[in-house]
Amino acid sequence: MGFWDAITGRSKPKQANLDDLFQVPSAALTLQTAAGFTPTGDGSVCFRAATGAAFAQSQAEVVELLRSTPDAPQVDTSTDSFGFTWIQVHRPSDDTGGLVTDLHAVNTTLESAGFGPGLLCSLVPFADASGRKVGLVYLYKKGTFYPFAPTGPQSRDNLLELQIRETLENELPIEPELSGWMALWGAPGL
Amino acid sequence: MARSRFLPDRGLTARMTTVMFLLGLLLVVLVVGVGLAFRNPGIGLLVAVGGIGFAVYQWSQSDKIAMKAMRAREVSPQEAPELHGMIDRLCALADMPKPKVGIADTSVPNAFATGRSPDRAVVCVTTGILGLLTAEEMEGVLAHELSHVAHRDVLVMTVASSAGIAAGALTQGAQYGAFFGGGNRRDNNNNGLPVWLIVLVVSLVVYAVSFVLLRVLSRYRELAADRAGAYLTMRPDALGSALQKITGGINQIPQKDLRSVSAASALCIAPAISGQSLKTLTSTHPSLEQRLEQLAKIQTELGRPTS
């Protein structure tokens, strides 16, 4: 938003950037070889559900679309304590490509219905042999990724997160502002 | 191409730009008026520089001034995790830097945003509003305040008030001038009227017009913040019910508490003073009906079926 638009109060809802999500499969390979973290096979999209019938209809369409594919994944829908909706997709852990295609289908369906500005982030969880979990979070509005490694209900492993950043720095656009590394406590799959 | 559910309000933008232009014109009127009265354009320019300078000073200090006036303190994510979590998510949705978060310990339900730029902004809520609203409604209020930050309302309102500030200072100065310089014939111009009297009249008129225009501008900016906030959360109804609760709550609070917060009133989500006379002309906020009407329109657009 330009300065003149700002001071005349003409801000528009920010549209989501969907394309960078397709960089996840190659980053998943790097994470596996360099840091020992493998995808759990889950993935989710977090968005704000708008009021009204139109959004409910779009959301139903999304779930129906995901379940209608030949190798249909398992799909769960939940709402978190901040009033954001999560659509979670479960696939075999070696099918990151299929997972990202599923997540992209959610995004494009919502966007084509005019709800693109409601997309917040998507999350692909990883786990290593010792059971540590880290989520790769994609921020739709900034088009950047960041790692989120919760260790308890309100604590996160910052060292591991920074280490993941080092590993993926050359593969993905990483969110440069650490204050933008939003905590997603209780996110599905983590 | 994806459809958009966003309806721009061009009428609101046009009215707002007009008022901002008129406020700029007012400063020019003051400068020319004073320059003519003294027959010295330098003094007129000095008045403009003084007014703008003081406004810019106020703007650069706005976060401290407003936090102090509301007796608010900054809170960390550990102290207020829910509040910080909400603001984190809203900022991620809006793609804006996260402001500092403050809490003011007062029972008046209110919220305000201040700070010189989006990078150095503070969003502050009162303990009263935290107790009054549900999480959804609170989020609507925070989205409204974040929109004030994104629209740089503190900058716009303080710079817009520079004509008023200069005129107010001149009014004071002119009273002293009239008192001390009244007998001094050298101050007279051709018409025989004392220079200070002309300055007093010009600055009083500018002050009065600027007062009304600033209130008009303030109301337009509130409507713009409501719009942007409703589109951000996609829940116009939550902001609507929050506004209903807040305005109802403010009217029930005793008068004594209200006067102590009047200084920061223009920055708040709902006016902290409920006056009756000349209400529509001089109020800093639009009427509840007007705000709910706008939110209802946005709600309709968001809920319109896709096909």
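This is a predicted model: local features need pLDDT of at least 70, side-chain atom pairs count only at pLDDT 80 or more; totals for chains, interfaces and linings use all residues.
Two or more lining residues come from each of α5 (158-168) of chain A and α4 of chain B, and α4(B) provides the largest share, seven residues. By class, the lining holds eleven nonpolar, nine polar and seven charged residues.

Local features require pLDDT of at least 70 and side-chain atom pairs pLDDT 80 or more, whereas totals for chains, interfaces and linings use all residues. Residues are numbered from 1 along each chain as its sequence is written, chains are lettered from A in the order in which they are written, and side-chain values use heavy atoms, without hydrogens and water.

At the interface, 40 residues of chain B are in contact with 41 residues of chain A (heavy atoms within 4.5 Å). The two chains bury about 3400 Å² between them, 61% of it on carbon and sulfur atoms; buried area is the accessible area (1.4 Å probe) lost on being put together, summed over both parts. B:Arg89, B:Leu93 and B:Met234 supply 24% of the area that chain B buries against chain A, more than any other three residues.

Two salt bridges are found across this interface (side-chain nitrogen of Lys or Arg within 4 Å of a carboxyl oxygen of Asp or Glu). B:Glu139 forms a salt bridge with A:Arg48, with the closest N and O atoms 2.7 Å apart. On the side of chain B that touches chain A, α4(B) gives the most, with nine residues. The residues of that side divide into 19 nonpolar, nine polar and twelve charged.

Methods
Helices (H or I, at least four residues) and strands (E, at least two) are DSSP runs, numbered from the N terminus. Ala, Val, Leu, Ile, Met, Phe, Trp, Tyr, Cys and Pro count as nonpolar, Asp, Glu, Lys and Arg as charged, and the others, Gly among them, as polar.
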